[in-house]
Amino acid sequence: MAIQWYPGHMHSTRKAIAERLPEIDVVIELLDARLPGSSANPLLAELTAGKPALKLLNKQDLADPALTTLWLAHLQARPGTQALALDASEAAPAQRLIAACRALVPGRGGMVKPVRVMICGIPNVGKSTLINSLMGQRSAKTGDEPGITKTEQRIALASDFLLFDTPGMLWPRIVVPEGGENLAASGGIGRNAYDDVEVAMALLARVRPRYGDRLALRYKLRDTAALPDEDLLAAVGRQRGGLLPGGRVNLQKAAELAIHDFRNGAWGRITLETPGEFAQWQAAGQAADALRQAAKPPRKGPRKGRGAATAPLPDAADGKAGDDEAGDGEAGDGEAGAG
Ligand code: GDP
């Protein structure tokens with residue numbers, strides 16, 4: 001699958017997070033409950049290794065409750081980690097969030113040692129929505145501002161509890177192909193970065209084993225198990241009006257409709273991956289990536305404009321994200337967050 005993403009302000013955001021980190025007690029990562037593995041940022045994991053972590057599985061209203069329970073247990077089993085599920089309908093999530101953070105750093109609290117937390121997440125995961133509900137009526141600061149400005153947003157959730165916001169951040173290249181597909185299907189990557197038909201076919205293939213009955217119900221099919229992926233997508237097009245003049249199926253339209261139905265919960269509450277599945281994809285993706293990197297010819301000389309002390313980020317698979325990473329290029333603006 002060729003997903004060409006543009007991590008946008010990744011470089012400046014990464015830098016801003018790294019600079020802020022020494023004074024942060026807990027790193028909150030907002031994940032998409034439908035894809036908790038695929039929506040976790042490996043770059044953030046690298047940057048924040050060893051810090052107490054709160055993983056928030058957002059959009060739980062769209063995710064399979066049984067698998068959300070499985071993911072929460074999986075994440076909570078990690079050292080120094082708490083996990084909670086939530087969704088935008090929760091009117092006042094602040095108390096649960098504050099309690100979970102306080103439990104992670106019992107030595108902090110009170111005016112002298114306030115708890116300082118940072119909230120991170122990929123674009124479109126629901127961070128603005130959550131922050132707005134954390135802030136109540138006070139403010140609704142949203143938008144795609146460059147990293148530094150937004151990173152400086154500091155919200156006092158209690159007299160001794162400070163939350164630092166960061167802009168949505170992706171990572172330089174896709175190492176886990178299934179993760180890229182799931183991100184694309186969920187809206188975490190801008191539309192121009194992937195092919196709808198490929199993503200929709202991957203999505204249907206992924207959903208079918210666990211939720212084939214839902215697809216059958218939605219698209220009036222007798223047996224989804226026996227259909228090849230393309231026929232399943234064609235069936236979506238036929239049922240949902242994705243037809244060309246003459247009655248042939250418009251696969252592009254069918255793909256858009258399938259992705260739309262998934263994102264809007266028309267298939268019911270669905271989770272795209274279990275912890276075990278994601279671990280397998282990750283292991284295979286990392287092994288394949290190591291082989292690819294080993295096969296690359298060595299770079300000629302150092303890149304301009306880089307401090308020697310900074311470990312270079314790997315290039316994007318297509319080269320574009322690499323340019324952006326080096327120069328914080330314009331291509332990223334609005335791309336990664338669209339969805
Ligand atoms: P951000 O880019 O991370 O700031 O994401 P936004 O807060 O702008 O949310 C992206 C989209 O997800 C918006 O359409 C929100 O309405 C939607 N959204 C956010 N949280 C939830 C949730 O818990 N459940 C559902 N169903 N949608 C949500």
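## Worked exercises on a predicted model

Residues are numbered from 1 along each chain as its sequence is written.

**Exercise 1.** Decide whether Asn-124 is buried or exposed, and describe its phi.

*Solution.* Start with the cut-offs: a residue is buried if 20 or more other C-beta atoms lie within 10 Å of its own, exposed if 12 or fewer, and partly exposed in between, with C-beta atoms placed from the backbone. Asn-124 counts as buried because it has 21 C-beta neighbours inside 10 Å. Next, turn to the backbone: phi of Asn-124 is positive, about 75°, although the residue is not a glycine.

**Exercise 2.** Describe the shell around the ligand.

*Solution.* A residue is near a molecule or strand if its C-beta atom, placed from the backbone, lies within 6 Å of it. The ligand has 16 residues around it, of which Asp-87, Gly-126, Lys-127, Ser-128 and Thr-129 come nearest. Now ask which element contributes the most: helix H5 (residues 127-135) does, with three residues. Sorting the shell by type gives four nonpolar, eight polar and four charged residues. In this sorting, Ala, Val, Leu, Ile, Met, Phe, Trp, Tyr, Cys and Pro count as nonpolar, Asp, Glu, Lys and Arg as charged, and the others, Gly among them, as polar.

**Exercise 3.** Trace the largest nonpolar core.

*Solution.* Such a core is a set of buried Ala, Val, Leu, Ile, Met, Phe, Trp, Tyr and Cys residues joined through C-beta atoms within 7 Å. The largest one has 78 residues, and those touching the most other members are Val-26, Ile-28, Ala-200, Leu-203, Leu-233 and Ala-258. Its largest share, 10 residues, comes from helix H8 (residues 196-219). At least three residues of this core come from each of domain 1 (10-165) and domain 2 (173-300), with bounds from an automatic or database domain assignment. Zoom in on Val-26: leaving out residues up to four places away in sequence, it touches Pro-52, Ala-53, Leu-54, Cys-101, Leu-104, Val-105, Val-115 and Val-117. Here, contact puts the C-beta atoms of two residues, placed from the backbone, within 7 Å.

**Exercise 4.** Work through helix H10 from its span to its packing.

*Solution.* H10 (residues 251-263) has 13 residues and reaches 18 Å from its first C-alpha to its last, close to the 18 Å expected at 1.5 Å a residue; the expected span is 1.5 Å times one less than the number of residues. Its buried residues are Ala-254, Ala-255, Glu-256, Leu-257, Ala-258, Ile-259 and Phe-262. They pack against helix H7 (177-186), H8 and helix H9 (229-240). After H10 comes Gly-265, with a positive phi near 75°.

Methods:
This is a predicted model: local features need pLDDT of at least 70, side-chain atom pairs count only at pLDDT 80 or more; totals for chains, interfaces and linings use all residues. Helices (H or I, at least four residues) and strands (E, at least two) are DSSP runs, numbered from the N terminus.
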